[in-house]
Amino acid sequence: MTHWNGILLSYTLYYYGQELDTTLRTVEIQIQGSNHSNQEYTIGELQEYTHYHVIVNSVTSIGSGSAANSTVRTLQAAPSATPTLLQTSALSPYILWVTWYEPPFSEQNGVLTQYRITWHGLERDTEERLEDIPVNSTSNTSYVLTDLDAYTSYEVNVSSFTSVGAGPISSTTVTTLQDIPSSEVRNLTAVANYSSITISWSSPVMSDLNGVPTRYTLRYSGVEFQTEEKTVVVNYTSSTNETVSVSGLEAYTVYKISVTLSTSVGEGDAANIEIRTLETVPTGTPTDLTTNVLSANIISVTWDHPLPIEQNGVIISYTLTYKGVERDTTSRDVILYSNDTFFTNYILSELDEHTNYSISVSASTSVGKGPSSTLTVVTDQDVPSSQVRNLTAV
């Protein structure tokens, strides 16, 4: 009582934050009850985790007495603001670099202990993944996301933590870079006739496109005759299935066909198929047609197959046609089949002596007969086959 030097009327309380909330505020506290020695007052709406300087003066009717001072720090809370300047950079079709800055100091509300980053794909790869990043002296504010899907939109979220809990989330959406398709075209089929092939296929599934498809590239070349590879480019459309016909091909030839799909990055892997065109009639004549006159009535005829590229199928028979030019003019055919012992030679007999014969040979496949090789040969002379006629004597 003696220290008050009068009748105590009230207390004057002053407080201000030392780091934040630095405005000096004053509260007049009227005396409540008769116990002047134990008074208390609750100060609200303070800044979290901040040192406050508190000053209390007692007041009589004459004025204020000397001040009592104290400094106290408010407790931590979860951050009240998001991490700032959240940005993402695509390093590859499968990697993103995420950077951010810590929340404003005034809204950290304590000592930041970690950041939590979560991410998930919006169309695919939708399972959410999470990583907690401890805060150290270098203030880790970046992270590399790996094992992502190409050309996929991802939502990336970052929040900060104090020991009390998590603050609000900063969120952004980013799309990874394009890549080449990760699978081949599907259902590649081919149907052939003797001079053309129709090729059909389906595009890869959407999740394997890895970008914006631009074109299909079809390549084809003959296997046996090593024909020059040719290319057909087909612009990509929204259609799932494509069909292309190529013509001007060699008959009965195996063609190797490949189809790729491209994005702006490049071509994906090729789907491959081989198919043989159908047979047709030979376009070439038998080669090396020769004759050997064995006597006045016998000629040996030999030949070789047409050139391979002109056979247009499996040669199953040869047709040998012969007839005399001036006499014995009836045309006669001999057909030699592939299972005959003598497939590319034949002996003509019972011919007329000293007679011009036209001899031709043509090859046939199962489709029909091709053009002929022809030559003319004369049988040998012989003794006359009859007596002189009209013999008379006078």
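Reader: Hi! What kind of model is this?
Author: It is a predicted model, where local features need pLDDT of at least 70, side-chain atom pairs count only at pLDDT 80 or more, and totals for chains, interfaces and linings use all residues. Residues are numbered from 1 along each chain as its sequence is written, and side-chain values use heavy atoms, with hydrogens and water left out.

Reader: Why is the pair Trp119 and Tyr143 called tilted?
Author: Because the planes of the two rings stand at 45 degrees, with the centres 6.1 Å apart. The pair links distant parts of the chain, 24 residues apart: Trp119 is in strand 7 (residues 114-121) and Tyr143 in strand 9 (residues 142-145). Strands (E, at least two residues) are DSSP runs, numbered from the N terminus, as are helices (H or I, at least four).

Reader: And is Trp119 buried or exposed?
Author: Trp119 is buried, at 6% relative accessible area, while Tyr143 is partly exposed at 23%. Buried means under 20% relative accessible area, exposed over 50%, and partly exposed in between (1.4 Å probe, protein chains only).

Reader: Which residues form an aromatic cluster?
Author: Trp201, Tyr216 and Tyr236 form one together.

Reader: New topic! Where does Arg73 lie?
Author: Over the face of Tyr49, 4.0 Å from the ring centre. Likewise, the charged end of Arg276 sits over the ring of Tyr252, at 4.4 Å from its centre. A charge sits over a ring if NZ of Lys or CZ of Arg is within 6 Å of the ring centre and within 35 degrees of the ring normal.

Reader: Now strands. How many bridges join strand 19 to strand 20?
Author: Five bridges join strand 19 (residues 287-293) to strand 20 (residues 299-304), and the two run antiparallel. Two strands pair if DSSP finds at least two bridges between them. A hairpin of five residues connects these strands, and Val293 stands opposite Ile299.

Reader: What about strand 20 and strand 23?
Author: They run antiparallel too, joined by four bridges, with Thr302 opposite Asn345.

Reader: Last one: what is the strand order in the open sheet of four strands?
Author: The order is 22-21-24-25, with antiparallel pairing. Strand 22 (332-337) and strand 25 (369-378) are the edges, each pairing on one side only.

Conventions: Phe/Tyr/Trp six-rings, centres within 6.5 Å; stacked < 30°, edge-to-face > 60°.
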